[in-house]
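Hi,

Here is the structure I promised to pass on. Have a look at it first, and then read my notes below.

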Amino acid sequence: MPEIQAFRAIRYNLGHVGSLSDVVAPPYDVISPELQDALYKKHPCNVVRLILNRIEPGDDDEANNRYTRAARFFRNWQSEGVLMTEPDPAIYVYHQQYDYLGATYTRRGFLARMRLSRFGEGQVFPHEETMSGPKIDRLMLTAVCKANLSPIFGLYPDPERAAQRLLDEAVAAMTPIEAVDHLGVRNRLWAVSDVSIVSRLSALIGPKPLFVADGHHRYETACNYRDQVYDSGFLSPTHPANYVLMMFVAMEDPGLLVL
C-alpha cells in the first residue's frame, strides 16, 4: 500500500521573489531551448535554474556543470532567504484551473511524500517504458542537490471522491497562494498541517493502487538514488531518500482530461 506522509517543504519566500508566477516552470522534459531562455529572463530565481540549468561554455564533468550550478543556486537561495523551509510538516492541496475547447476545468489533487517501492514490488504501477539517458541526467541532479525538485504525477481510484471531499473541507476557509504559468493555467496551493486531516487522508489512500501518469524516469531515479544512499551506509528507515514527492489526483476527478 502507498505510505504517504506530510513533509516540511522548501518554498519560495514571496517577500523576496514578488510574484510566484515569475518563478514557476513546467516539467523539465517539456521545456524547449526557447522556453528555457524565456524563463531565465523572466526572473533571476526562476526554478528552471534548478530543474534544467543551461549548458554553458567551459563546462566540465566534475566541478562546473549544469548540475553543480543548480546545487549552488539551491544552496544560495536557501541561505539568502529566497527559499524557506516550512516550520511544520504539511500536505499541500493543489488545484490547476485551465481552459480547453471553450470550457474551464479545475484539476484537484494534493502533494505529499510517498515511500518508494520499485515497480512490480508494491502498489505503484507504470504505464510506459523508461530510457537510461534521462535517468542518468535526473540522478546526477538529485545526487548533487539532494532534493526532490519536481513531483511525480500519480493517479489513484476514488469513486466516492472521499479524499477530495476531506481536503475541500480542510481548505474551505483558507487563502491559497497562486501562480499563473506560461500557458495561462492558474495554480493554487494550500498547506494543510492538521495532523488529524493528514492521518485520515493517509488511511484513505493507503489501500489504493497508484498509477504513474507522468514522471516514470524521475520515479525510477528516486529509487536509484535511495539505493545509492543505502550503499553508502547512511540509509536509516526515516531517511528522506526513502520517499518521493508525489502529486495525487483521483481518476474520477472531473477536471482530469486525458488527451
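Which residue caps the N-terminal end of helix 4? That would be Asn65, which has a side-chain oxygen 3.0 Å from the backbone nitrogen of Tyr67.

Before the rest, a word on what you are looking at. This is a predicted model, so I kept to its rules: local features need pLDDT of at least 70, side-chain atom pairs count only at pLDDT 80 or more, and totals for chains, interfaces and linings use all residues. Residues are numbered from 1 along each chain as its sequence is written, and side-chain values use heavy atoms, with hydrogens and water left out.

**The whole protein**

The protein has 8 helices and 11 strands (DSSP runs numbered from the N terminus: H or I of at least four residues for helices, E of at least two for strands). Its C-alpha atoms fill a box of roughly 55 × 45 × 40 Å along the principal axes. The radius of gyration is 18 Å, which agrees with the value near 18 Å for a compact globule of 259 residues (taken over C-alpha atoms; the globule rule is 2.2 Å times the number of residues to the power 0.38).

Of the 259 residues, 46% are buried (buried is under 20% relative accessible area, exposed is over 50%, partly exposed is in between, with a 1.4 Å probe and protein chains only). The accessible surface comes to about 13,300 Å², and carbon and sulfur atoms hold 55% of that (Shrake-Rupley method, 1.4 Å probe; for residues, only the protein chains shown count as cover). Among contacts with a separation of 6 or more, 73% are between residues 24 or more positions apart (a contact is heavy atoms within 4.5 Å).

**Helix 4**

Back to the helix I asked about. Helix 4 runs over residues 66–80, so 15 residues, and spans 21 Å from first C-alpha to last, close to the 21 Å expected at 1.5 Å a residue (the expected span is 1.5 Å times one less than the number of residues). Its buried residues are Tyr67, Thr68, Arg69, Ala70, Ala71, Phe74 and Trp77. The cover over them includes strand 2 (10–12), helix 3 (48–51), strand 3 (83–85) and helix 5 (132–145). After the helix comes Gly81, with a positive phi near 85°.

**Salt bridges**

How many salt bridges are there? The count is 14 (a side-chain nitrogen of Lys or Arg within 4 Å of a carboxyl oxygen of Asp or Glu). Here are three of them.

- Arg69 pairs with Asp59, with the closest N and O atoms 2.9 Å apart. This pair links distant parts of the chain, 10 residues apart: Arg69 is in helix 4 and Asp59 is in the loop between helix 3 and helix 4. Arg69 counts as buried because its relative accessibility is 12%, while Asp59 is partly exposed at 25%.
- Arg188 pairs with Glu178, with the closest N and O atoms 3.3 Å apart. Here the link is between strand 9 (residues 186–192), which holds Arg188, and strand 8 (residues 177–180), which holds Glu178, again 10 residues apart. Glu178 is partly exposed, at 34% relative accessibility.
- Lys41 meets Asp37 at 3.0 Å, N to O. Both sit in helix 2 (residues 33–42), and because they are 4 residues apart, about one helical turn separates them. Lys41 is exposed at 67%, and Asp37 is partly exposed at 28%.

Asp37 and Lys41 also belong to a network of salt bridges with Arg54 and Glu56.

Glu220 lies in helix 8 (residues 216–232). Is Glu220 buried or exposed? It is buried, at 16% relative accessible area. Its side chain makes a polar contact with the side chain of Thr130 at 3.1 Å (a pair of N or O atoms within 3.5 Å; within protein, one must be able to donate a hydrogen and the other to accept it, and residues adjacent in sequence count only if both atoms are side-chain atoms). Leaving out residues up to four places away in sequence, Glu220 touches Arg118, Phe119, Thr130 and Lys135.

His216 is also in helix 8, and it is buried, with a relative accessibility of 1%. The side chain of His216 reaches the backbone oxygen of Val212 at 3.4 Å. With residues up to four places away again left out, His216 touches Phe119, Pro126, His127, Glu128 and Thr130.

Cheers
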